[in-house]
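Please find below a colleague's note on the structure shown here.

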Amino acid sequence: MKRLCIVLSAIALAAPAVLGVRADEGMWTFDNVPRALIKQKYGFEITDQWLEHVRLASARVGDGGSGSFVSPDGLLFTNQHVGRGR
């Protein structure tokens, strides 16, 4: 079992490099979104209206965790460690 875990871990670590997959992510404040870069790379234009919608759909949970509202009834999507004990 230990050997299987080691093999699976090695595959998981090597797969992104072998497949040419790279992380393309970032974290920006709402007043500093790289609109031109996003439009150039993905062809998506971020409008003020869209950005306001995203801002209003986000939530701060507890002592700095974050989440997003996913329903008009207040259903919140977040990581389990953020919601644990709340």
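1. Lys39 is partly exposed, with a relative accessible area of 43%; the class lies between buried (under 20%) and exposed (over 50%), for a 1.4 Å probe and protein chains only. The side chain of Lys39 meets that of Glu45 in a salt bridge (3.2 Å, N to O), a term that requires a side-chain nitrogen of Lys or Arg within 4 Å of a carboxyl oxygen of Asp or Glu.

2. The model is predicted: local features need pLDDT of at least 70 and side-chain atom pairs pLDDT 80 or more, whereas totals for chains, interfaces and linings use all residues. Residues are numbered from 1 along each chain as its sequence is written, and side-chain values use heavy atoms, with hydrogens and water left out.

3. The protein contains four helices and three strands, in the order α-α-α-β-β-β-α from the N terminus. These elements are DSSP runs numbered from the N terminus, helices being H or I of at least four residues and strands E of at least two.

4. Of the 86 residues in the protein, 10% are buried. The accessible surface is about 7,700 Å², with 59% of it belonging to carbon and sulfur atoms; areas follow the Shrake-Rupley method with a 1.4 Å probe, and for residues only the protein chains shown count as cover.

5. Three salt bridges are found in the whole structure. One of them joins the side chains of Asp48 and Arg35 (2.8 Å, N to O). This pair links distant parts of the chain, with Asp48 in helix α3 and Arg35 in helix α2 (residues 35–42), 13 residues apart. Asp48 is exposed at 56% relative accessible area, while Arg35 is partly exposed at 31%.

6. Glu52 forms a salt bridge with Arg55, their closest N and O atoms being 2.7 Å apart. Because the two are three residues apart in helix α3, about one helical turn separates Glu52 and Arg55. Glu52 is partly exposed, at 36% relative accessible area, and Arg55 is partly exposed, at 36%.

7. The largest pocket holds about 470 Å³ of space. A pocket is an open set of points on a 1 Å grid over the protein atoms alone, where a 1.4 Å probe fits, with protein on both sides within 12 Å along at least five of seven lines; lining residues have an atom within 4 Å of a point. Its volume is the space filled by probe spheres set on the points, which are joined across faces, edges and corners.

8. Which element supplies the largest share of the lining of the largest pocket? That share, four residues, comes from α3.
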